[in-house]
Amino acid sequence: MNILIMGTGYVGVTTGLVFAELGWNVTGLDPDQKKTQSLSQGELTFYEPGLNTLLREHLQSGRIRFTSEPEMAVRDSNIIFLCVGTPSDRDGNADLQFIRQASESIGRYMQEYKVIAIKSTVPIGTNHKLSQWITNAQTVPVPFDVVSNPEFLREGSALHDALHPDRIIIGCESDHAIDVMKTLYEKIQSPFFVTKPKTAEMIKYASNAFLATKISYVNELSRLCENIEVNISDVAEGMGMDHRIGPHFLRAGIGYGGSCFPKDINAMLYMAKQYGAELSILEKVIHVNQTQYSHYLKIWEQKLGTFRDKKIAILGISFKPDTDDLREAPSISIIEHLLESGAAIRVHDPAAKLPPDLLSEQLLQVDLLEEALEQCDAIILCSEWEHYKKADWTRLKALMNQHFVFDGRNVLDGNQMTILGYHYYGIGRHL
Ligand code: UGA
């Protein structure tokens, strides 16, 4: 079977490489020629551990190729995965223009039966719209089946997640297409959950929103923990031992970011409004997330006296470790606040780069951790890269002017840092 992946972003490239790894022939299609050329030369257009090696391996094995030419790519495929972006529009709704464009070129160029699976996160009912868009674009009627197959991989561990998913969700009403999907995934040892397309679409949103809810819940508790001399990490560890709660997504911090949780919760609220339902818990989840970083900035400013004219090192600007993705990263809001407060900022990140137009004399990005710490008054740690966990904090201390460490992800060992002479403040710890 020939698989076509439409959209060679994060999800598309990972999905394509996983299918190539499972032994299928894969073509990645993207209208952006720069992307497809770079991928054809074995260069990813984003940072993700492990993917580069696999990309080069399968370019060499001939099991994956990339193109910007839709006609042949669509014609030669048996199964098409839509992995295009669904960004938020101004109202918070998911913008389906890329899904629509992709479905129109499928309709225009297909000449025989195909299974078309949507991996992109799409509002409830998109499956149905997709069928209509494809049919409307066909010049002669050709049969096809549409499947909702949401993706649950995380940035930073994309390859592992795609190869070892907790479940494979298939929303489909055609037995033949369900069999095709089962064959495609047969080498992956994961439960297969077959349901209606709308249910599959809802499972994706509901899962992301639930994970974000866990985070906002623990983040809100962190604010109480500080005042009652209790450490939120210990509370979360004890809670997580109850298998009904589970230990994951209970790490308190300066808030969730990324291209998924914020966008998907907004899309859910938009859908709820359209259908006359209220999702008041999710409104609160957003509120807690939006106020979490500012709550801690206030505390940290008090500890330091003022941010004005202070030199602050921001460590880890990506929305999470092991990615260079800055979308909705809390670090960006923190940087904006510090700039307004008159601080001088030096930023360090193992992979992410601030856009050049943000940089100024007041805001520099440096390559070495040592350069960021040189003569600084305080460190604000925004994402929990291993690089910072492993750093030699005994040696680094000598570089700093004052020794305030504001650990926005509870990544460093607070007791050890205090013994070393740092003024260490984490999230939801007794101050
Ligand atoms: C998320 C979901 O976890 C994936 O299952 C889903 O496929 C993906 O969205 C998507 O919809 O495409 P991702 O955004 O890549 O994945 O990363 P996560 O690991 O979920 O982290 C999201 C944010 O939550 C990060 O800012 C992270 O720092 C924060 N987080 C996570 C916490 O603050 N505490 C935690 O305990 C866990």
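The legends below describe close-up views of a predicted model.

**View 1. The two domains of the protein.** The domain assignment divides the protein into domain 1, residues 2–194, and domain 2, residues 196–431. Taken over C-alpha atoms, the centres of domain 1 and domain 2 are 32 Å apart. Domain 1 contributes 27 residues to the contact, and domain 2 contributes 25 residues.

**View 2. The side of domain 1 that touches domain 2.** Helix H6 (126–137) and strand E7 (168–171) each give at least two residues to this side of domain 1. The largest share, three residues, is supplied by E7. By residue class, the side of domain 1 that touches domain 2 has 13 nonpolar, ten polar and four charged residues.

**View 3. The shell around the ligand.** The ligand is surrounded by 20 residues. The closest of these are Glu155, Arg251, Tyr256, Gly258 and Cys260. Ten residues of the shell are nonpolar, five are polar and five are charged. Helix H9, residues 197–227, provides the largest share of the shell, namely three residues.

**View 4. The ligand and the two domains.** Residues of the shell around the ligand come from both domain 1 (2–194) and domain 2 (196–431), and the ligand therefore lies between the two domains.

**View 5. The buried face of helix H10.** Helix H10 covers residues 232–240, and its buried residues are Ile232, Ser233 and Ala236. Seen down the axis of H10, these buried residues fall within an arc of 100 degrees, so they line one face of the helix. Such an arrangement can be read from helix geometry: an α-helix has 3.6 residues a turn, so residues three or four places apart point the same way. The buried residues of H10 pack against H9, the helix that also gives three residues to the shell around the ligand.

**View 6. The exposed face of helix H10.** Asp234, Glu237 and Gly238 are exposed residues of H10. They are carried on the face of H10 that is turned away from its buried side.

View 7. An unreviewed UniProt entry places the feature "domain: UDP-glucose/GDP-mannose dehydrogenase C-terminal" at residues 313–414. The end C-alpha atoms of this span are 18 Å apart.

Methods: Residues numbered from 1 in each chain as written. Predicted model: local features only at pLDDT ≥ 70, side-chain atom pairs only at ≥ 80, totals over all residues. Near = placed C-beta within 6 Å. Helix = DSSP H or I, 4+ residues; strand = E, 2+ residues; numbered from the N terminus. Nonpolar A, V, L, I, M, F, W, Y, C, P; charged D, E, K, R; others polar. Domains from an automatic or database assignment. Contact = placed C-beta atoms within 7 Å. UniProt positions renumbered as here; feature names shortened; annotations may be inferred. Buried ≥ 20, exposed ≤ 12 C-beta atoms within 10 Å, placed from the backbone. Arc of directions from axis to C-beta.
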